[in-house]
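Have the model open and click along.

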Amino acid sequence: MSIDREPVVAGQFYAGRHDQWLATVRGCMRGLPEREAMTRLAMVPHAGHVFSGGVAGQTLAQASLTDTVLLLGPNHTGMGAPLAVWPDGRWHLPGASLEVDAELAAAILAAEPALRSDRAAHLQEHSLEVVLPFLWAKNPKTRIIPIAVGDPRPDRLAGAASKIAETLTALGRDVSVVVSSDMNHFASDAVTRIVDQKALDRILALDPMGFYGTVRGEGISMCGVLPMTMGMHLANIMGAKKAELVAYATSGEVNGDMSRVVGYAGIIIE
């Protein structure tokens with residue numbers, strides 16, 4: 001029996017009514033043409049739409065996503081399995097929903113024992129839900145495979161990426177990856193931009209292990225380092241050629257507090 005996921009941060013991170021969140025999201029995405037080359041991976045932030053919606057919208061408006069999207073986000077709550085896949089059903093938003101690609105989820109789960117069918121990791125986690133309004137606005141028929149990535153071992157992340165790639169190849173499926181991550185948290189605007197650039201340089205070089213090492217070694221408080229490491233491995237195996245920083249901002253640009261900000265970056269890997 002499939003189980004749906006109800007929204008947990010509607011009315012907090014984004015508007016609680018369909019017409020309101022859709023208007024906000026469309027405003028953030030307005031006027032930007034979709035690229036021709038297929039997007040292997042898009043990384044977008046997951047703060048409240050008032051803070052990071054501009055970066056997320058600019059990025060996803062330009063992303064050329066497949067009909068099924070592999071959603072990788074951090075596990076802020078610590079609940080559930082370290083690599084937790086929501087296996088079936090629908091993810092609801094106020095007035096809308098996106099369907100889980102249950103067939104592909106089952107194939108991925110069968111291929112990699114480290115990935116577990118687990119809803120507990122997702123029930124109170126906001127990082128993927130905040131991205132869904134943009135995906136729905138772009139294509140309401142998008143199907144998703146939500147994975148909460150909390151395993152801190154880079155070799156395990158690389159291994160899972162390689163098993164997912166094998167499964168996609170065997171099934172003849174191309175999927176885009178969307179990673180949900182904010183950048184450095186709670187330093188000054190000036191410091192945040194400097195440390196974030198160090199992490200972004202490794203992403204732009206398509207260097208997942210260098211990226212992981214830089215974030216850990218420099219003490220960059222980027223909440224999605226684990227899903228992004230896994231996503232970059234997968235994108236590379238599936239033929240990534242180039243990465244681009246599409247948008248960057250900090251929370252200080254919205255609330256005026258430059259002493260303590262969160263960084264937001266939008267990346268497209270083709």
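## α8 against α9

Helix α8 and helix α9 are roughly antiparallel to each other, a label used for angles over 145 degrees, while under 35 is roughly parallel, 65 to 115 roughly perpendicular and the rest oblique. Their packing angle is about 165 degrees, and the axes sit 9 Å apart. Axes here are lines fitted to C-alpha atoms, over the stretch in contact for helices, with angles from 0 to 180 degrees between N-to-C directions. To find the pair, look for residues 208-217 (α8) and residues 225-237 (α9); helices (H or I, at least four residues) and strands (E, at least two) are DSSP runs numbered from the N terminus.

On the α8 side, the contact uses P208, M209, F211, Y212, V215 and R216, and α9 answers with V225, L226, M228, T229, M232, H233 and N236. Contact means heavy atoms within 4.5 Å. By type, that's nine nonpolar residues, three polar and one charged (Ala, Val, Leu, Ile, Met, Phe, Trp, Tyr, Cys and Pro count as nonpolar, Asp, Glu, Lys and Arg as charged, and the others, Gly among them, as polar).

This is a predicted model, where local features need pLDDT of at least 70 and side-chain atom pairs count only at pLDDT 80 or more, while totals for chains, interfaces and linings use all residues. Residues are numbered from 1 along each chain as its sequence is written, and side-chain values use heavy atoms, with hydrogens and water left out.

## α3 against α6

Now for helix α3 (residues 102-111) and helix α6 (residues 154-171), whose axes come within 9 Å and cross at roughly 130 degrees. That makes α3 and α6 oblique to each other, and their crossing is right-handed. L104, A107, I108 and A111 of α3 meet K163, I164, T167, L168 and L171 of α6. This set splits into seven nonpolar, one polar and one charged.

Strand β7 (residues 143-149) has six of its seven residues buried, so the rest of the structure largely encloses it. Buried means under 20% relative accessible area, exposed over 50%, and partly exposed in between (1.4 Å probe, protein chains only).

Strands count as paired if DSSP finds at least two bridges between them. β2 (residues 68-74) runs parallel to β7 with seven bridges, and T68 stands opposite R143. β3 (residues 83-85) is antiparallel to β7, with three bridges; there, V85 partners I147. β5 (residues 96-100) is parallel to β7, joined by two bridges, with V100 opposite I144.

## Single residues worth a click

I269 belongs to strand β11 (residues 261-269) and is buried, at 0% relative accessible area. Among the residues that I269 touches are L206, M228 and M232, and the latter two also belong to the α8 and α9 contact. From I269 to N236 is 33 residues in sequence, but 9.3 Å in space, C-alpha to C-alpha.

L206 sits in the loop between α7 (189-204) and α8. Its phi is near 55 degrees, a positive value in a residue other than glycine, and L206 is buried at 18%. F186, in strand β9 (residues 185-187), also has a positive phi, near 70 degrees. At 47% relative accessibility, F186 counts as partly exposed.

Key
Left-handed = near helix turned anticlockwise from the far one by under 90°. Lists of a residue's contacts leave out its neighbours within four places in sequence.
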